[in-house]
Amino acid sequence: MPRYFIGIDVSTTASKALAIDESGTVVASHGEAHELSTPRPLWSEQDPRQWWAATCASLRAVLQQISADDVAAVGLTGQMHGLTLLDAGNQILRPAILWNDQRTGPQCAAITEQVGAEWLYEHIGSLMLPGFTAPKIAWVREHEPEVFAQAAHILLPKDYVRLLLTGAYVTDVSDGSGIALMDIGRRTWSDELLAALDIPRALLPELCEGPEVCARVSAAGAEATGLRAGTPVVGGAGDQPATAIGSGILRRGQTSITVGTSGVVFTANDQYQPEPDGRLHTFCHAVPGQWFHMGVMLSAAGGMRWLHDAVAAGSSYDQLSDLAAAVPRGADGLVFVPYLTGERHPHPDPLARGAFVGLTLRSGLGQLVRSVMEGVAFGLRDNLELLRGLGVAPATAAISGGASQSPVWRQILTDIAGIPLYTINSSEGAALGAAILAAVGAGAWPDVPSACNDLIRQVDVTHPAAAGVADYERLYPIYRGLYPALRQSFAELAAFEG
């Protein structure tokens, strides 16, 4: 009998289900889109019911191609940090507040003042930032007390789907790390922080490791999705650690660069070693006994999507890449500041904004496109420099996400990073990582490294061009100077906007 392993990815833009067989071959895949709501400046929300509806539709589409009786296990992954509040009857109390929501700056400052910045990043592996879940809890308690008074459960996006699939209130330690209420070194909830912030432990889900079987598909979940009741469900992972597993990034020094809606520089570590100033996330990896460092920029390929939708909706992304390829490095003196939704690393500033600096009469669509590609690459370089400051000096990195599909953008990223970037034999990313965790949980491999060694391999390598490296080394200090120069203007514009 064949055995299949399903990964479910509840991302910002869609819910996707993917099935692999015991050789790691993707045998079926389907996704359904979500809508995003930005009702006020700095706000970003979604209706969790869309996650479940899209997951059910995706699973049913996949199960038209394979038998539910042959599914050995399911893994979950998804967007991190999103606050999903439920009452005692599991009814949704308000729209989920997402990872890129930036309203909680005052709550972050208050929490930091209360417990101390140094204590925070020693325990939660980061500064307290607006994207995290803990300050969102504080915001709801402060601004919507009637909602918070009804709250009985706090879940992350993928774990809301798990609840409806299995009836279990569970999150894995990698996704749970981004709630910012864990003691990351101990891989458990922080009693000290919960007490300091007066957050009842009963509101939070149970914690488990990524490949650990933590629940089983319920009768109601089976009826809604077509899965077999009793199918094991593993802990899974947040989308970034799941993507890392899907790229084989498991050991110290192995590094990946993901250019999706957000941009991420990710490296694994076999010990808990937070960045001295808290300017990176140091979280639990989905591999038991491992941690990871992650630098995040909030708008990466999302910047290209904005440009496309705003000024070039009639063009394909391939056409935009062709326009950029015809423009010289440096976009004829045009630099893009990519903080369209605020920024996280290395500038934890929810009021930061995007900017084109250096516009002239020569600046056409090609220059705009190339400057967006270069600005995103410079933002990722900022995070790579933070890793290098920890003594992590990667010789290569795996590249994934939308930018990896564009040869010109991939070359820009390689030249600005200064190291070769390689693709792997799958572009499935987080969903594949979740499926691998499911396969390990089902016993198809003894552990995650064994599975990745068998399933993941390098494909194409893009090498830095000496001339490109030299040009971008001249431009990078100019880029780095723009945030300090514009920071006050960003804050004043935010105040004007209200």
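Arg-103 is buried in this predicted model, with a relative accessible area of 7%. The side chain of Arg-103 forms a salt bridge with Glu-45, with an N to O distance of 2.8 Å. Arg-103 lies in the loop between S7 and helix H2 (105–115), whereas Glu-45 belongs to strand S4, so the pair joins parts that are 58 residues apart in sequence. Glu-45 is buried as well, at a relative accessible area of 6%. A salt bridge also links Glu-45 to Arg-94, at 3.2 Å from N to O. Arg-94 is in the loop between strand S6 (84–86) and strand S7 (96–97) and Glu-45 is in strand S4 (residues 45–46), so this pair ties together parts 49 residues apart in sequence. Both members of the pair, Arg-94 and Glu-45, are buried. A network of salt bridges connects Glu-45, Arg-94, Asp-101, Arg-103 and Glu-144.

The count for the model comes to 23 salt bridges. One of them is formed by the side chains of Arg-3 and Glu-22, at 3.3 Å from N to O. This pair links distant parts of the chain, 19 residues apart: Arg-3 is in the segment before strand S1 (4–10), and Glu-22 is in the loop between strand S2 (14–20) and strand S3 (26–33). Arg-3 is partly exposed, at 29% relative accessibility, and Glu-22 is also partly exposed, with a relative accessible area of 40%.

Arg-410, located in helix H14 (residues 407–417), is buried but has no salt bridge. The nearest side chain of opposite charge is that of Asp-460, 5.7 Å away, and a salt bridge requires a separation within 4 Å. Apart from neighbours within four places in sequence, Arg-410 is in contact with Ile-399, Ala-403, Ser-404, Gln-405, Leu-421 and Thr-462. Nine of the eleven residues of H14 are buried, so the helix is largely enclosed by the rest of the structure. Besides Arg-410, the buried residues of H14 are Val-408, Trp-409, Ile-412, Leu-413, Thr-414, Asp-415, Ile-416 and Ala-417. Gly-418 follows H14 and has a positive phi, near 80°.

In helix H10 (residues 239–246), eight of the eight residues are buried, so this helix is likewise largely enclosed by the rest of the structure. These buried residues are Asp-239, Gln-240, Pro-241, Ala-242, Thr-243, Ala-244, Ile-245 and Gly-246. Just after H10, Gly-248 adopts a positive phi of about 75°.

Pro-241 of H10 is among the residues touched by Ser-174. Ser-174 lies in helix H7 (residues 173–177) and is buried, with a relative accessible area of 0%. The side chain of Ser-174 reaches the backbone nitrogen of Gly-238 at 3.1 Å.

A search of the whole structure for disulfides finds zero. Cys-284 is in no disulfide, and the nearest cysteine sulfur, that of Cys-208, is 12 Å away. Cys-284 is buried, with a relative accessible area of 0%. Cys-452 is also in no disulfide; the nearest cysteine sulfur in this case is again that of Cys-208, at 18 Å. Cys-452 is buried too, with a relative accessible area of 3%.

Strand S20 (residues 335–338) is covered on both faces: Val-335 and Val-337 on one side, and Phe-336 and Pro-338 on the other, are all buried. S20 pairs with strand S21 (residues 354–357) in the antiparallel sense over four bridges. Within S21, Phe-356 stands opposite Phe-336.

The loop between S20 and S21 contains His-345, which counts as buried at 2% relative accessibility. The side chain of His-345 reaches the backbone nitrogen of Val-296 at 2.9 Å and the backbone oxygen of Arg-279 at 3.4 Å. Neighbours within four places in sequence aside, His-345 is in contact with Leu-129, Arg-279, Leu-280, His-281, Met-294, Gly-295, Val-296 and Asn-383. Of these contacts, Leu-129 is 216 residues from His-345 along the chain, with 9.9 Å between the two C-alpha atoms.

Methods: Residues are numbered from 1 along each chain as its sequence is written. This is a predicted model: local features need pLDDT of at least 70, side-chain atom pairs count only at pLDDT 80 or more; totals for chains, interfaces and linings use all residues. Side-chain values use heavy atoms; hydrogens and water are left out. Buried means under 20% relative accessible area, exposed over 50%, partly exposed in between (1.4 Å probe, protein chains only). Helices (H or I, at least four residues) and strands (E, at least two) are DSSP runs, numbered from the N terminus. Two strands pair if DSSP finds at least two bridges between them. A disulfide is a pair of cysteine sulfur atoms within 2.5 Å. A polar contact is a pair of N or O atoms within 3.5 Å; within protein, one must be able to donate a hydrogen and the other to accept it, and residues adjacent in sequence count only if both atoms are side-chain atoms. Contact means heavy atoms within 4.5 Å. Lys and Arg count as positive and Asp and Glu as negative; His and the chain ends are not counted.
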